[in-house]
Amino acid sequence: MTEETIVSAVGTVSGAGGVDSNITPKEIEEAMAAAVIKAMNEGITDPDEIRRRQLEARDEVVKSHGTS
Amino acid sequence: MGTNRTTQDALLNLIFSATTWANYAINATTSPETSIFWQLHTADPGVTGTGSTSESAYTNYARQSNLRSTGWTASSGGSVSPAANITYPASGASSTTITYFSLGKSSGGASPLLFSGTVTPNIAIGASGISPQLTTASTVALT
């Protein structure tokens with residue numbers, strides 16, 4: 001019987017680019033994904049904290065465009 | 001200029017939790033979608049893609065779903081997340097890498113997508129017994 005290994009990851013969707021057309025969804029998505037990697041590298045596994053960091057990254061990109 | 005946070009939450013709650021957006025929109029009253037389906041992809045399905053665009057085909061792969069009623073957190077801060085981990089069947093002998101995921105309408109075929117995004121870190125499936133999982137940290141965020 002084959003042993004089963006669960007490989008976990010975090011899915012990130014950025015629904016930007018609609019009203020804030022000067023921000024690309026990819027730009028925000030990349031910032032949020034980078035926040036996930038950083039959290040994982042720090043050993044953080046708490047989903048709430050990972051989510052918080054993703055949203056913080058999103059908000060920083062928005063602020064950098066002066067659209068917050 | 002941006003989308004107001006309250007508007008973001010209302011839109012997300014309507015889409016993911018079938019919750020009425022007071023004074024603007026209610027959930028479909030005839031044949032409403034009851035589930036959101038989760039696809040895994042080996043490349044970005046893009047904004048014109050469907051559920052089957054670059055969809056993973058590892059041995060034993062099958063789309064997963066969660067309910068629009070209880071399957072999601074209430075939107076907060078313009079974002080929602082699944083209420084439970086989304087876990088896929090363990091692979092048979094396969095060699096592929098999961099890089100994107102999408103949320104859509106149907107359990108199979110070239111079905112319409114609601115959203116798509118990245119999988120971090122990518123999930124390499126290089127042998128039997130690998131069961132991909134997207135955790136509750138997964139996020140759909142509007143801006």
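Colour chain A by secondary structure and read from the N terminus: the order of elements is β-α-α. That makes one strand and two helices in this predicted model.

The accessible area is about 3,700 Å², and carbon and sulfur atoms hold 51% of it. Of the 68 residues in chain A, 40% are buried. If you display contacts within the chain at a separation of 6 or more, 47% of them join residues 24 or more positions apart.

**The helix pair**

Select residues 25-41 of chain A, which form helix α1, and residues 47-64, which form helix α2. Their axes cross at roughly 145° and come within 8 Å. The crossing of α1(A) past α2(A) is right-handed. Show side chains where the two helices touch. On α1(A), pick A:E27, A:I28, A:A31, A:M32, A:A35, A:V36, A:K38 and A:A39. On α2(A), pick A:I50, A:R53, A:Q54, A:A57, A:R58, A:V61 and A:V62. By type, the residues of this contact are 10 nonpolar, four charged and one polar.

**A:I50**

Now centre on A:I50, in helix α2 of chain A. Is this residue buried or exposed? A:I50 has a relative accessibility of 5%, so it counts as buried, the limit being under 20%. Beyond its neighbours within four places in sequence, A:I50 contacts A:V10, A:V36, A:A39, A:I44, A:T45 and B:A137. For a sense of scale, draw a distance from the C-alpha of A:I50 to that of A:S64: the two are 21 Å apart in space and 14 residues apart in sequence.

In soluble globular proteins, nonpolar side chains tend to be buried together. Bring in chain B and select B:F16, B:W38, B:L40, B:F101, B:L103, B:L134 and B:V140. These touch the most other members of the largest nonpolar core, which has 24 residues. Which elements give two or more residues to this core? From chain A there is β1 (5-15); from chain B there are α1 (5-17), β1 (35-41), β5 (96-104), β6 (113-125), β7 (130-134) and β8 (139-142). The largest share, four residues, comes from β6(B).

Stop at B:L134. Not counting residues up to four places away in sequence, B:L134 touches A:A9, A:V10 and A:G11 in chain A. Within chain B, its contacts are B:W38, B:L40, B:N85, B:I86, B:F101 and B:V119.

Last, select A:I23, A:I28, A:L55 and B:A141. They are among the seven residues of another core, which lies apart from the largest one.

Conventions. Residues are numbered from 1 along each chain as its sequence is written. Chains are lettered from A and ligands numbered from 1 in the order in which they are written. This is a predicted model: local features need pLDDT of at least 70, side-chain atom pairs count only at pLDDT 80 or more; totals for chains, interfaces and linings use all residues. Side-chain values use heavy atoms; hydrogens and water are left out. Buried means under 20% relative accessible area, exposed over 50%, partly exposed in between (1.4 Å probe, protein chains only). Contact means heavy atoms within 4.5 Å. Accessible areas come from the Shrake-Rupley method with a 1.4 Å probe; for residues, only the protein chains shown count as cover. A nonpolar core is a set of buried Ala, Val, Leu, Ile, Met, Phe, Trp, Tyr and Cys residues joined through side-chain atoms within 4.5 Å. Axes are lines fitted to C-alpha atoms, for helices over the stretch in contact, and angles run from 0 to 180 degrees between N-to-C directions. A crossing is left-handed if the near helix is turned anticlockwise from the far one by less than a right angle, and right-handed if clockwise. Ala, Val, Leu, Ile, Met, Phe, Trp, Tyr, Cys and Pro count as nonpolar, Asp, Glu, Lys and Arg as charged, and the others, Gly among them, as polar.
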